[in-house]
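Here are my notes on the model you sent over.

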Amino acid sequence: MNNTRKAQIQDLPQLSELFDQYRVFYHKDSDIPSAENFLKERIEKADSEIFVAESEGQLVGFVQLYPLFSSTRMKRYWLLNDLFVNENYRGKGFSKELIEEAKELAKLTNAAGILLETGKSNDIGNQLYPSCGFEIYDEVNFYEWTNK
């Protein structure tokens with residue numbers, strides 16, 4: 001039986017390792033001390049919600065959500081920003097369990113829903129999210145401005 005729960009400050013050493021793996025997957029340089037500082041700040045300031053997946057006492061995955069608000073709906077949304085499962089534990093249902101935690105958070109906070117984006121080339125994600133009840137929303141153009 002897989003186990004998911006809200007991340008706690010004592011999870012930081014293992015969570016930082018997973019977060020670093022996630023960032024390296026997205027072609028960022030490994031930096032575990034900065035990962036730990038970033039996650040510690042998120043947990044202490046409660047400005048994101050992080051859930052972890054455990055197997056036999058070892059953290060194997062996580063999901064991180066940030067609050068957003070919809071003015072037209074006058075409700076909160078959650079941005080599912082990060083979802084990662086260590087490659088040795090993929091295909092065992094951890095991602096789906098973490099997504100279920102995210103959905104439960106949305107229900108408990110009376111949110112309008114959960115938003116996420118993933119690359120068109122992310123074949124696994126593009127199969128996973130619809131299988132978990134997410135619908136692709138192609139009626140808008142997504143733009144980004146970066147402060148370089």
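1. Let's start with a pair of side chains: which residue does Glu-41 form a salt bridge with, and how far apart are the closest N and O atoms? The partner is Lys-45, and the closest N and O atoms are 4.0 Å apart. Bear in mind that this is a predicted model, so please read each distance here as a computed value.

2. That pair sits within one element. Both Glu-41 and Lys-45 belong to helix H2, 4 residues apart, or about one turn of the helix. Glu-41 is partly exposed at 36% relative accessible area, while Lys-45, at 55%, counts as exposed.

3. H2 has another pair worth a look. Glu-44 and Lys-40 form a salt bridge, with 3.1 Å between the closest N and O atoms. Why are these two about one helical turn apart? Because they are 4 residues apart in helix H2, which covers residues 32-45. As for accessibility, Glu-44 counts as exposed at 52%, and Lys-40 as partly exposed at 34%.

4. Lys-6 and Glu-49 meet through their side chains in a salt bridge, 3.0 Å from N to O. This one links distant parts of the chain: Lys-6 is in strand S1 (residues 3-6) and Glu-49 is in strand S2 (residues 49-55), 43 residues apart. Is each partner buried or exposed, or in between? Lys-6 is partly exposed, with a relative accessible area of 46%. Glu-49 counts as buried because its relative accessibility is 15%, and the cut-off for buried is under 20%.

5. A word on the overall tally. Side chains of opposite charge can pair when their charged atoms come close. The count for this model comes to 8 salt bridges.

6. The largest pocket holds about 1100 Å³ of space. It is lined by 24 residues, and those nearest its centre are Leu-116, Glu-117, Glu-135, Ile-136 and Tyr-137. Strand S4 (75-85), strand S5 (113-115) and helix H4 (123-131) are the elements that give two or more residues to this lining. H4 provides the largest share, with 4 residues. What is the lining made of, by class? It divides into 13 nonpolar, 6 polar and 5 charged residues.

7. The second largest pocket has a volume of about 890 Å³. It is lined by 28 residues, with Tyr-26, Leu-83, Asn-122, Gly-125 and Tyr-129 closest to its centre. Two or more lining residues come from each of helix H1 (12-25), S4, helix H3 (94-108) and H4. Which element gives the most? That is S4, with 7 residues. By class, this lining has 14 nonpolar, 9 polar and 5 charged residues.

8. Tyr-129 counts as buried because its relative accessibility is 11%, with buried meaning under 20%. What does Tyr-129 touch, leaving out residues up to four places away in sequence? The answer is Leu-83, Ile-99, Leu-116, Thr-118 and Phe-134. As for Glu-117, it is 12 residues from Tyr-129 in sequence and 10.0 Å away in space, C-alpha to C-alpha.

9. Finally, have a look at Asn-86, which lies in the loop between S4 and H3. Is Asn-86 buried or exposed? It counts as buried, at 13% relative accessibility. The side chain of Asn-86 makes a polar contact with the side chain of Gln-21, at 2.9 Å. Leaving aside neighbours within four places in sequence, Asn-86 is in contact with Leu-18, Gln-21 and Val-60.

Technical notes:
Residues numbered from 1 in each chain as written. Predicted model: local features only at pLDDT ≥ 70, side-chain atom pairs only at ≥ 80, totals over all residues. Heavy atoms only, no water. 1 Å grid on protein atoms, 1.4 Å probe; cavity = no way out; pocket = protein on both sides within 12 Å on 5 of 7 lines; lining within 4 Å. Points joined across faces, edges and corners; volume = space filled by probe spheres on them. Nonpolar A, V, L, I, M, F, W, Y, C, P; charged D, E, K, R; others polar. Buried < 20%, exposed > 50% of the residue type's maximum accessible area, 1.4 Å probe, protein only. Contact = heavy atoms within 4.5 Å. Polar contact = N/O pair within 3.5 Å; in protein donor to acceptor, adjacent residues only side chain to side chain.
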